[in-house]
Amino acid sequence: MDSWVISRRGCFKYLGSIIQGDGEIDGDVTHRIGARWMKWRLVSGVLCDKKVPPKFKGKFYRMVVRPMMLYRAECWPVKIAHAQKMKVADIRMLRWMCGHTRLDMIRNEVICDKVGVAPTEDKMQEARLRWSGHMRRRSTDAPVRRCERLTLEGLCRGRGRPKKRWGELIRQDMAQLQLTEDMPFDRKIWRSRIRVVE
């Protein structure tokens, strides 16, 4: 631009998210997990206190720590590897909250039930479907955010397997929960069907 030389970047941070030039979300997922660990360290005095009841810890965790990882996750075309990374971080924190390690041989489901926290994959699915419902209900002349356009259109096709698209995830989620295309227009039914109870 004029006399300024602007170097090309492979990724950059914008509004708390890592935007990659190749359209992948690896950097953003790693950044969100790191942000979650920073928040965890700030509140670990409460979450690791043995005097605090597990259900209260779980509620505190759901309100303070988990939103750090799920910020903007409704637009992510999540792959299995991403979901696994997030699940590992989630279970690690929950085990520390309960004072258990993997050597105690306690199943992840038991830990989640003890503190009353739903699995991260289920909450991500709920967020995706909630956002998809908003997009289906809006008028056709409404402006489209950049993240929506990228997730709906995808990027240019290169070599190898096509990039996973957001629309593909939504179709899988709807098939898994047996949802139909007309359900998003009735907000009450839609919310009751996609809600994850904790």
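1. Let's begin at H4: the cover over its buried residues includes H2 and H3. Here buried means under 20% relative accessible area, with a 1.4 Å probe and protein chains only, and helices are DSSP runs of H or I with at least four residues, numbered from the N terminus. Please keep in mind that this is a predicted model, where local features need pLDDT of at least 70, side-chain atom pairs count only at pLDDT 80 or more, and totals for chains, interfaces and linings use all residues. Residues are numbered from 1 along each chain as its sequence is written, and side-chain values use heavy atoms, leaving out hydrogens and water.

2. The buried residues in H4 are Ile-111, Cys-112 and Val-115. They sit on the same side of H4 because they cover an arc of only 95° around the axis, taken from the directions from the helix axis to the C-beta atoms. After H4 comes Gly-116, with a positive phi near 75°.

3. Now look at Leu-94, in helix H3. Leu-94 counts as buried because its relative accessibility is 0%. Beyond its neighbours within four places in sequence, Leu-94 is in contact (heavy atoms within 4.5 Å) with Tyr-61, Ile-111, Cys-112, Val-115 and Val-117. From Leu-94 to Val-117 there are 23 residues in sequence, and 8.7 Å in space between C-alpha atoms.

4. Leu-94, along with Tyr-61, Trp-76 and Met-86, touches the most other members of the 28-residue largest nonpolar core, a set of buried Ala, Val, Leu, Ile, Met, Phe, Trp, Tyr and Cys residues joined through side-chain atoms within 4.5 Å. H3 gives the largest share of this core, 8 residues.

Methods
Buried < 20%, exposed > 50% of the residue type's maximum accessible area, 1.4 Å probe, protein only. Helix = DSSP H or I, 4+ residues; strand = E, 2+ residues; numbered from the N terminus.
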